[in-house]
Amino acid sequence: FHPMYEMFYRSISQEEARRSLGISGNTLLFFGGIRAYKGLHYLLRAIPRVLREVPVTLLVTGEFFENKQPYLDEIRKLRIEERVTIVDRYVANEEVALFFSAADVLITPYVFGPQSGVVVIAYSFGKPVIATKNLGEVVEEGKTGYLVPARDSEKLAEAIIRFYRERDQTDFSGHIEQFRRTHSWQAFCDRIIQEVIRVRA
């Protein structure tokens with residue numbers, strides 16, 4: 001498994017983080033280098049549906065490793081310019097806390113890929129994750145977040161709406177804390193040692 005990235009954590013209030021970034025209200029975070037497999041287009045297409053029921057800001061943070069223009073064109077076409085904030089650059093380690101502290105939830109609509117370092121960063125800040133089902137190894141449905149089919153903007157929108165409806169009734173923080181314990185570096189090392197002992201026996 002992918003161990004926790006606790007080194008990024010520093011204490012900063014959500015209000016302070018949002019003020020620093022010039023945003024307010026419900027905030028979704030898409031974080032990391034932008035490549036086709038990350039599924040950002042599907043998230044953008046989900047936002048109009050979400051906005052019909054929940055006011056949100058989508059904070060897209062990370063360097064574009066492909067042509068940025070199609071994303072900007074889609075944002076314009078969907079008429080969500082005022083609801084999407086893009087930070088198009090590499091984010092230094094010292095800044096990571098600012099973006100995760102500002103968010104309510106991390107969105108990872110990846111088309112493929114069974115692991116994500118970004119998910120465990122979110123957990124280090126106690127943030128739940130809405131992800132595609134290929135990340136089912138690191139996101140526990142209804143506990144540390146929600147899982148949706150890849151390439152399905154409608155289901156993604158429904159999960160975001162569900163999150164805002166249920167977040168006060170769901171113990172995300174307790175389940176995330178349990179995940180942090182079982183996926184610590186100590187647990188990772190213990191697992192390796194156990195495997196070495198088993199093979200040598």
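**Exercises on a predicted model**

Four bridges join strand 2 (residues 57–61) to strand 3, and the two run parallel. The model is predicted, so local features need pLDDT of at least 70, side-chain atom pairs count only at pLDDT 80 or more, and totals for chains, interfaces and linings use all residues. Residues are numbered from 1 along each chain as its sequence is written, and side-chain values use heavy atoms, without hydrogens and water.

**Exercise 1.** State the strand order of the open sheet and its edge strands.

Solution. Strands are DSSP runs of E, at least two residues, numbered from the N terminus; two strands pair if DSSP finds at least two bridges between them.
- The six strands have the order 3-2-1-4-5-6, with parallel pairing.
- Strand 3 (84–87) and strand 6 (145–148) are the edges, as each pairs on one side only.
- Within strand 3, Val-87 is the bridge partner of Thr-61.

**Exercise 2.** List the residues that Leu-58 touches.

Solution. Contact means heavy atoms within 4.5 Å.
- Leaving out residues up to four places away in sequence, Leu-58 touches Leu-28, Phe-30, Leu-43, Leu-44, Ile-47, Arg-83, Val-84 and Thr-85.

**Exercise 3.** Classify the crossing of helix 2 and helix 3.

Solution. Helices are DSSP runs of H or I, at least four residues. Axes are lines fitted to C-alpha atoms over the stretch in contact, with angles from 0 to 180 degrees between N-to-C directions.
- The axes of helix 2 (residues 40–51) and helix 3 (residues 69–78) come within 10 Å and cross at roughly 10 degrees.
- Angles under 35 degrees count as roughly parallel, and helix 2 and helix 3 are therefore roughly parallel to each other.
- Helix 2 contributes Leu-40, His-41, Leu-44, Arg-45 and Pro-48 to the contact, and helix 3 contributes Pro-70, Tyr-71, Glu-74, Ile-75 and Leu-78.

Terms used. Parallel < 35°, antiparallel > 145°, perpendicular 65-115°, else oblique.
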